[in-house]
Amino acid sequence: MRLNELKDNPGSKKTRLRIGRGIGSGMGKQGGRGGKGQTARSGVRLGGFEGGQMPLHRRLPKRGFNKRDRKIFNEVPLQRLQAAVDAKLIDPGKPVDAAVLKTAGVIRRTLDGVRILGGGELKAKLALTVNHATVGAKAAVEGIGGSITLIEKKILPADEAKRKKSAAKKAKTGKPKAAATEE
């Protein structure tokens with residue numbers, strides 16, 4: 001085997017079809033674009049236009065709602081935690097948070113936080129620090145002597161000012177009006 005003898009496997013490379021190079025090529029004249037009109041030109045702007053008829057995407061009703069600041073959490077069932085403890089990837093004596101779960105390979109990447117689910121059985125006594133936990137998961141962890149600490153949402157000073165302002169406004173409008181005196 002020499003360098004000058006190297007070549008691709010037969011059929012692995014196809015030559016590109018050169019369009020618009022004469023009638024004898026089979027792809028001359030209109031070059032595969034069909035007849036004349038909008039689609040024969042570059043920069044086609046069809047995108048759902050139905051000749052003035054109300055387009056399908058406007059005829060159908062809108063459904064659902066997408067939250068703007070939606071958070072995506074890593075969901076970890078109890079059985080996966082127990083499997084990591086059994087494989088000696090998590091030390092039950094130390095606190096467990098998102099960084100520990102990532103190094104143990106329980107979660108691939110830390111998203112917006114960790115949510116503990118109640119699927120499976122947990123035998124190890126763990127001290128978990130997570131964003132969310134289901135009622136069943138919390139009961140199961142605390143039932144064997146473990147603990148779940150929920151990370152509180154960080155409140156920015158601007159948000160705190162808004163909250164106080166709206167609370168004051170509610171308190172102001174929530175008071176009953178003074179009864180009109182009878183004369």
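Biologist: Which side chain does Arg59 meet in a salt bridge?

Modeller: This is a predicted model. In it, an N atom and an O atom of the two side chains lie 3.4 Å apart. That is within the 4 Å cut-off for a salt bridge. The partner of Arg59 is Glu50.

Biologist: Is Arg59 buried, partly exposed or exposed?

Modeller: Buried means under 20% relative accessible area, and exposed means over 50%. Arg59 has 43% relative accessibility. So Arg59 counts as partly exposed.

Biologist: And what is the relative accessible area of Glu50?

Modeller: Glu50 is partly exposed too. Its relative accessible area is 31%.

Biologist: How many salt bridges does the count come to?

Modeller: Arg59 and Glu50 form one of them. Arg115 also forms one with Glu75, with the closest N and O atoms 3.3 Å apart. The count comes to two.

Biologist: How many residues apart in sequence are the parts that Arg115 and Glu75 tie together?

Modeller: Arg115 forms a salt bridge with Glu75. Arg115 lies in strand β3 and Glu75 in strand β1, so the pair ties together parts of the chain. Their separation in sequence is 40 residues.

Biologist: Which residues of helix α2 are buried?

Modeller: Helix α2 covers residues 78-86. Its buried residues are Leu78, Leu81, Gln82, Ala84 and Val85.

Biologist: Why are they on the same side of α2?

Modeller: Look at the arc around the helix axis. The buried residues are Leu78, Leu81, Gln82, Ala84 and Val85.

Biologist: What covers the buried residues of α2?

Modeller: Helices and strands both take part. The cover includes β1, α3, β3, β4 and α4.

Biologist: Which backbone nitrogen does the side chain of Asn131 reach?

Modeller: Asn131 lies in the loop between β4 and β5. It touches several residues, among them Phe73, Asp112 and Leu150. At 3.0 Å, its side chain reaches the backbone nitrogen of Val114.

Biologist: What radius of gyration does the chain have?

Modeller: Start with the comparison. A compact globule of 183 residues would have a value near 16 Å. The C-alpha trace spans about 95 × 85 × 30 Å along its principal axes. The chain has a radius of gyration of 33 Å.

Biologist: What percentage of the residues count as buried?

Modeller: The chain has 183 residues. It exposes about 15700 Å². The residues that count as buried make up 17%.

Conventions
Residues numbered from 1 in each chain as written. Predicted model: local features only at pLDDT ≥ 70, side-chain atom pairs only at ≥ 80, totals over all residues. Heavy atoms only, no water. Buried < 20%, exposed > 50% of the residue type's maximum accessible area, 1.4 Å probe, protein only. Helix = DSSP H or I, 4+ residues; strand = E, 2+ residues; numbered from the N terminus. Arc of directions from axis to C-beta. Contact = heavy atoms within 4.5 Å. Polar contact = N/O pair within 3.5 Å; in protein donor to acceptor, adjacent residues only side chain to side chain. Rg over C-alpha atoms; globule rule 2.2 N^0.38 Å. Areas by Shrake-Rupley, 256 points an atom, 1.4 Å probe, with all protein chains shown as cover. Lists of a residue's contacts leave out its neighbours within four places in sequence.
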